Amino acid sequence: MNYTNQIQEIAAKLFAEGKIDVFVGYRMNGFDDNQVPVLITGPQDVSKLVFTDKSVFNLVNYLKTDHTRKKRVGLVVKGCDSRALNLMLTEKQVKRENLYVVGICCEGVVDDAGQKMQNCLECIVPEAVVYDELLGTAGKAETRAYKVNVDIAALAEKPLTERAAYFEEVFENCIRCNACRHSCPLCYCAKCCIDQETAALYNGANTTSAAFHALMTWSLHLAGRCVDCRNCEKACPSHLPLHLLHKQNESVIYENFQEHLAGVIPDDRGAFYKYSLKDPDDFIM
Ligand code: SF4
Ligand code: SF4
Ligand code: SF4
Ligand code: SF4
């Protein structure tokens, strides 16, 4: 998967035609073969843009910053990223007319060791669902049915005490840095209720119990909204398996809320707006 040339050409054309103020893409990080997001403000820097299976980050996260707010923005989205964009549009956080979206028919991205990422192995929406221009061949990706995440299925096999001990260790290693929240495109609240400095509920304390409450609150705010891009996990300095929280919520919601998957359908307001008398109602989140 390499769309570097096409993306450079598209960005150059958009700047030449005066259609965008900024283009959000990927560039090489400058010291190994990994990439970082880049915000380009003019044609002189278009040659920095790249796109390969190392273009791992969800660029939609940059639509919530002052660098892009109230500007005309070009950006690149893979399938998972585009689902986050759909939610940002539905939740009125961005205006569609201010965006030029380059969608990718994604073949999956790889980690630092070159292995395809787990979310890509399980991905059922690899093609961008919102775009102005689509790169790649639509319909080429393998069609998969929704399956419960492999780690969630493995945890479900374990006794409750073992699961509890595992999660206690996970929460113990959280340093309350909030990088997970900041890296999530769908965490855009101006004042977050779990902010370490302001939240009375969590006392600003860096304790296991405060981390537990903060991460559980956070994951519930993403329930029915998380698109499994794993931006949060990539940002976590403690390398915590944050997908376990989100994928557990996702599978419960999929099963109980009419097979809801976040951001796949434009203007879909989310699982909790989908109340139906036919819902089984036999679970507690
Ligand atoms: S989760 Fe899907 S859309 Fe996202 S990077 Fe992986 S394969 Fe691509
Ligand atoms: S919670 Fe993590 S995986 Fe889910 S949308 Fe936010 S950044 Fe992506
Ligand atoms: S955790 Fe909740 S309150 Fe905080 S930014 Fe995310 S959605 Fe908003
Ligand atoms: S990024 Fe990791 S260490 Fe930081 S608050 Fe989130 S889970 Fe905790």
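## Helix α1 and the residue that follows

Just after helix α1, G18 adopts a positive phi of about 70°. The model described here is predicted. Helix α1 itself covers residues 4–16, 13 residues in total, and its first and last C-alpha atoms lie 18 Å apart, close to the 18 Å expected at 1.5 Å a residue.

The buried residues of α1 are T4, I7, Q8, I10, A11, L14 and F15. Viewed down the helix axis, these buried residues fall within an arc of 165°, so they line one face of α1. An α-helix has 3.6 residues a turn, so residues three or four places apart point the same way. On the face of α1 turned away from the buried side are the exposed residues N5, E9, K13 and A16. The partners of the buried residues of α1 are strands: they pack against β1, β2, β3, β4 (99–104) and β5 (133–135).

The shell around ligand 1 consists of K78, G79, C80, C106, G108, V109, N119, C120, C123, V125 and P126. Two elements, α2 (79–90) and α3 (118–122), each give two or more residues to this shell. Sorted by class, the shell holds 7 nonpolar, 3 polar and 1 charged residues.

## Aromatic pairs

A search of the whole structure finds 6 aromatic pairs. One of them joins Y26 and F51 in an edge-to-face arrangement, with 5.8 Å from centre to centre and 70° between the planes. Y26 belongs to strand β1 (residues 22–28), whereas F51 lies in the loop between β2 (35–40) and β3 (73–77), so the pair ties together parts that are 25 residues apart in sequence. Y26 has a relative accessibility of 1% and therefore counts as buried. F51, at 0% relative accessibility, also counts as buried.

A further edge-to-face pair is formed by F171 and F212, whose ring centres are 5.1 Å apart and whose planes are at 90°. Because F171 lies in helix α5 and F212 in helix α7, this pair ties together parts that are 41 residues apart in sequence. F171 counts as buried at 4% relative accessibility, whereas F212 is partly exposed, with a relative accessible area of 36%. Both residues belong to one aromatic cluster together with Y166 and F167.

## Helix α7

Helix α7 comprises 14 residues, 208–221, which should span 20 Å at 1.5 Å a residue; its end C-alpha atoms are 20 Å apart, in agreement with that expectation. Its buried residues include A210, A211, A214 and L215, as well as T217, W218 and S219.

The packing partners of the buried residues of α7 are helices: α5 (160–172), α6 (179–183), α8 (231–235) and α9 (243–256). The contact with α5 concerns the helix that holds F171, the residue paired with F212 of α7.

## S251 in helix α9

S251 is found in helix α9. With 10% relative accessibility, S251 counts as buried. Residues up to four places away in sequence aside, S251 touches Y146, V148 and I152. Of these residues, Y146 is 105 residues from S251 along the chain, and the C-alpha atoms of Y146 and S251 are separated by 9.1 Å.

How values were computed:
Residues numbered from 1 in each chain as written. Chains lettered and ligands numbered in written order. Predicted model: local features only at pLDDT ≥ 70, side-chain atom pairs only at ≥ 80, totals over all residues. Heavy atoms only, no water. Near = heavy atom within 4 Å. Helix = DSSP H or I, 4+ residues; strand = E, 2+ residues; numbered from the N terminus. Nonpolar A, V, L, I, M, F, W, Y, C, P; charged D, E, K, R; others polar. Expected span 1.5 Å × (residues − 1). Buried < 20%, exposed > 50% of the residue type's maximum accessible area, 1.4 Å probe, protein only. Contact = heavy atoms within 4.5 Å. Phe/Tyr/Trp six-rings, centres within 6.5 Å; stacked < 30°, edge-to-face > 60°. Arc of directions from axis to C-beta.
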